[in-house]
Amino acid sequence: MELSMSGGALRTFSRCVTCLARIGSDLVFQAYPDKLELHTLNSSRSAFASVSLTRDFFDHFHLPADAYADAAPSSTPLQCSVLLKSVLAVLRTPTSAIDRLNASLPNPQASKLEFVIHCVSGRKKTHRISCSAESDVQTLALDRNGFPSRLAIRPRDLTRLLSNFQSSLQELTVIATEPAARLPGVDDGTGGKAVELLSYIDPTKDDYDSRLHTQLWIDPAEEFLEYEHAGDPVDVTFGVKELKAFLTFCEGCEVDILLFYQKAGEPVLLAPRFGFDDGSSSNFDVTLVLATMLVSQLNDGSVPQQPPTSAHHAEEPRAAAAAPSPVPENVSNHTRIWSELSGLTPKSFEANAENRAQKERNGRANVLNDTSVLPNTNAPCKLPVTYNANYIEQPVQMDHLEEPPG
Amino acid sequence: MSSSTTSGQGQGDEAPDLVCVVDCVHGMVDALSCVRWNKHQGAVVELSEHGIVVTVEESGCLQAKVYLKTELFAEYDHGAEGRPRFGLSLGLLIDCLNMFTVPGFASPVEIRYPGPDMQLLLRSVGSPDACIHAEIRTRIPDTVAWDYHFEHAGNTPVTFTVKSAILKESIDDLEWPGSSIQIQFHPDPPSVIFKGEGHGDLEIEFSYYANTDLLIAFQCDQELSYRYKYKFLRATTSNVPSSVLKENRGSKVTIGRGGMLKIQHLVSVARLGTQSYHNFAGGAQQPSRIAFIEFFVKPEEDD
């Protein structure tokens, strides 16, 4: 296999490798007559990333003819597996200093993959990376048309939404409902929050109480470029680290993000959304498949993972001071943000009700978050967390979710 | 307080071996820092009528010399017979000189040797209001500094000159394979190859015809190939001051008889704002205030 790339393709290749390196540690190259595929699987086998580069992506793409006895595109590809760390070392040279990059694997049994960088300065750097014997290469191909639901979002919008969550957040839950389903008689100020993003914190972990729990209600029409969901609400919980790696990649390539999902337990698929109006297609594609948690957050009928009232801790200056959820500057009226630093282990509704009543009798405690965008009223609400009852619309929202739709 | 220029100010009847005044202290610090690859290094300082030479060595395999010619000094008064030599800590000398470089206050420094107890004396001159005074203990050098009698490999030197920034970048890149680096000279086609093999291999080729700007000079009439330990090679460029990189200076790499590697850099010690240019490719320019830095690296023995 011999290939050569330069310019924009080289920059895209570099971004692909950087993205894959944030997900897994081994890179599998598979060369077909018409394309090159790169795969990686993360160590916990919950994320599989795949990059596909067509012949046209490269300045030069050559496969030895005898590797394909039957010359069928689906025949066994020429493949090798290398450490992503090593490929990153090759790409340490800034792409602006590279005139062109050649890669070659002389034969399927070759022990080293060779990269040659022709620098703008005139230097020629040749890297030879050992290939590991990877007899069992896992690949995963999901048909994106097989997913009933999808959404498309701009990378910068997703970045903005994610910035409301604690940066060390590991897992995120997305709850999707039908956009049109609203309770009758509801004040239209709530309308359209069909999607919810929730931080997922493992309840069995010791630091559950001290973690920041965040929920966002989103109007798909406001935040997403596309949103398709029909039927029952579904929720999917997946890893944030891999999501962020993919997000950075799309940002660099200036493409939007597509998320295909089905339901809890089924994997989600992320892909770039190439906006080609003229019928042409991109010469590269990247897909990220993330496993989702089997347990649905919607099953118990109450707001998922709802931390209880923090009434006790609201009065502690420590807790109050430690609630740093920042309000994005350009928050729209349609996106509600609620964050709380919980101080108690999850309790039942009834136990909290007493706390709530106590709280209201004591007057308003310090608000732990900065929901300056929300109207300030004292409506009674059914939320387990009520320290300041600032949400007039949210109770209605929650009601909607608690009731089985339909 | 006027700057002291006359000798005979020392204690007792003897004139000091050397009294000199440095007016660009940070330039001197740059030049000396170039050869500081470890925090604690002993240096041997030699004072002659031509200037000061500071020599640093490690493990008998790596030696560096800083040549500070008399032109670099505002004043230079050598009063000794012969060439006095003494040892001191390079780190201490550099840190001490740094104390004199107060931002916005460029004060010349007078260096005097020996003090009453054979120490090196430094003091700021030029300000009537204040004086910074320092002394550094010296010692008798343990061994005679190993003079790497550098001889050329053949009739003509085998050498190439490349931008210091590119040389430094290449040696930094070779950290990835690390361990032992092979340098090969090929006369035809004219090229130099740096090669490292480790958990991965990296080969960097400087080809004369690849780009007219790459190899500023190249001379080679025979195939040569020697190996050097990466950490010694690294020391030759790791502390090249940023002024060298910004001024686009060239570094000259030569392999001598037996595989001895010589790498030379130029560091300007000019006063800020003064133009000073001198390059290896020849041609005389304005009077230069350049410190010459030389590194010698012994090749690895072939088993």
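Visitor: Why does Lys112(A) count as partly exposed?

Guide: Its relative accessibility is 28%. Buried means under 20% relative accessible area, exposed means over 50%, and partly exposed is what lies in between, with a 1.4 Å probe and protein chains only. Lys112(A) is at 28%, so it counts as partly exposed. The model is a predicted one, in which local features need pLDDT of at least 70 and side-chain atom pairs pLDDT 80 or more, while totals for chains, interfaces and linings use all residues. Residues are numbered from 1 along each chain as its sequence is written, chains are lettered from A and ligands numbered from 1 in the order written, and side-chain values use heavy atoms, without hydrogens and water.

Visitor: And why does Asp201(B) count as buried?

Guide: Asp201(B) has 10% relative accessibility. That is under the 20% limit, so Asp201(B) is buried.

Visitor: What makes Asp201(B) and Lys112(A) a salt bridge?

Guide: A salt bridge needs a side-chain nitrogen of Lys or Arg within 4 Å of a carboxyl oxygen of Asp or Glu. Here the N to O distance is 3.5 Å, so the pair qualifies. Asp201(B) lies in strand β15 of chain B and Lys112(A) in strand β8 (residues 112–119) of chain A, so the pair joins two chains. Strands are DSSP runs of E with at least two residues, helices are runs of H or I with at least four, and they are numbered from the N terminus.

Visitor: How do you know that Lys124(A) forms a salt bridge with Glu205(B)?

Guide: The closest N and O atoms are 3.7 Å apart, so this pair also passes the rule. The count between chain A and chain B is 7 salt bridges.

Visitor: What makes β9(A) and β15(B) a pair of strands?

Guide: Two strands pair if DSSP finds at least two bridges between them. β9(A) and β15(B) have 7 bridges, so they pair. The two strands run antiparallel, and His127(A) stands opposite Leu202(B).

Visitor: What do Arg234(B) and Glu175(B) tie together?

Guide: Their side chains meet in a salt bridge at 3.2 Å, N to O. Arg234(B) is in helix α4 (residues 230–238) and Glu175(B) in the loop between α3 and β13 of chain B, so the pair ties together parts that are 59 residues apart in sequence. Arg234(B), at 25% relative accessibility, counts as partly exposed, and so does Glu175(B), at 45%.
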